[in-house]
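Q: I am new to this structure and would like to learn how to read its features. Please guide me from the overall fold to a single residue.

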Amino acid sequence: MYVRSAAAAAAAFLGFTLTLLGGATSAAAPGPGSATGATGLLGPTVYAHRGASAYAPENTLEAIDLAMRLGFDWVENDVQRTRDGELVVIHDDTLARTTDAEQVFPDRKPWRVKDFTAAEIARLDAGSWFSPRFAGARVPTLRAYMERVQQNRQKLLLEIKKPELYPGIEEQTLELLDGMGWLDENHVARRLVVQSFSADSVRIVHRLRPDLVTAFLGTPAVADLPRYAEFTDRINPWHTTISADWVKAVHGLRGAHGRTMEVDTWIVDDAPTARKVREMGVDGIITNAPDVVRGAVGGF
């Protein structure tokens, strides 16, 4: 799920938006196990993809702080692991696109996340690539990220990224979340969803913590959906791959927790597409520009 923003436009919009909204607070929203859906009074749930990443560098604390100020509860992130076993929040499995790793470590090509220690990654600038105003932003550890999400009173759609590169990352992620109080009844019921493009990874999470809400990223064939319903609660597809009939087929099944399965589609950043997927009946929209989606279809 990769969309790169125009830094100049983003910076200009950011200043305008913050002036307009000031310290807007987020609206209350149903938990991950209670779908309001596109036909509900509030519209689809809106998830700030990697934070408000159209306007701030993705997967940084700055991006989730901005999502909070724009009034959004739900943020999405990506979790990977360093060479020395620290969980960090970054999308690509290399550091080249969103940090200055090429300049700081010129001899370490191809700059894979798993080849660097947490201390080395902490030295990198993860904001300047997006805009000079974000110079000095860092790749956060998952622990630091969770502390900020908790401080902001936000909710998290956590993606386990490239689990095939990091054996045991599911258990390690759950251990960290548990240690930080994120696997108690309140968080599990209302504030946390774990997803992955790997069906095996989602199965592992469901086996380790059957109470957790999980999601599979992809668009399985309708005939295969019952198999996914055995271990997950949601199917989260790319918006160009779905139809109203497909969404209806997902909604016709009960997921791992016995509730109607949900569909949260990605990445939708423009009003016409947001309205299109709302009419298809999706329950949630994952977006880099949550304000644009909310303006088009409502949502929370």
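A: The secondary structure of the protein comprises 12 helices and nine strands; helices (H or I, at least four residues) and strands (E, at least two) are DSSP runs, numbered from the N terminus. This is a predicted model, in which local features need pLDDT of at least 70, side-chain atom pairs count only at pLDDT 80 or more, and totals for chains, interfaces and linings use all residues. Residues are numbered from 1 along each chain as its sequence is written, and side-chain values use heavy atoms, with hydrogens and water left out.

Q: What percentage of the 300 residues count as buried?

A: Buried means under 20% relative accessible area, exposed over 50%, and partly exposed in between (1.4 Å probe, protein chains only). Here, 56% of the 300 residues count as buried.

Q: How many residues does the largest nonpolar core have?

A: In soluble globular proteins, nonpolar side chains tend to be buried together. A nonpolar core is a set of buried Ala, Val, Leu, Ile, Met, Phe, Trp, Tyr and Cys residues joined through side-chain atoms within 4.5 Å. The largest one has 75 residues, and Leu95 and Tyr145 have the most contacts inside it. Helix H2 (residues 61–69) supplies the largest share of this core, five residues.

Q: Is leucine 183 buried or exposed, and where is leucine 183 found?

A: Leucine 183 is buried, with a relative accessible area of 8%. It is found in the loop between helix H6 (169–179) and helix H7 (185–190). Contact means heavy atoms within 4.5 Å; leaving aside neighbours within four places in sequence, the contacts of leucine 183 include Leu174, Val188 and Arg209.
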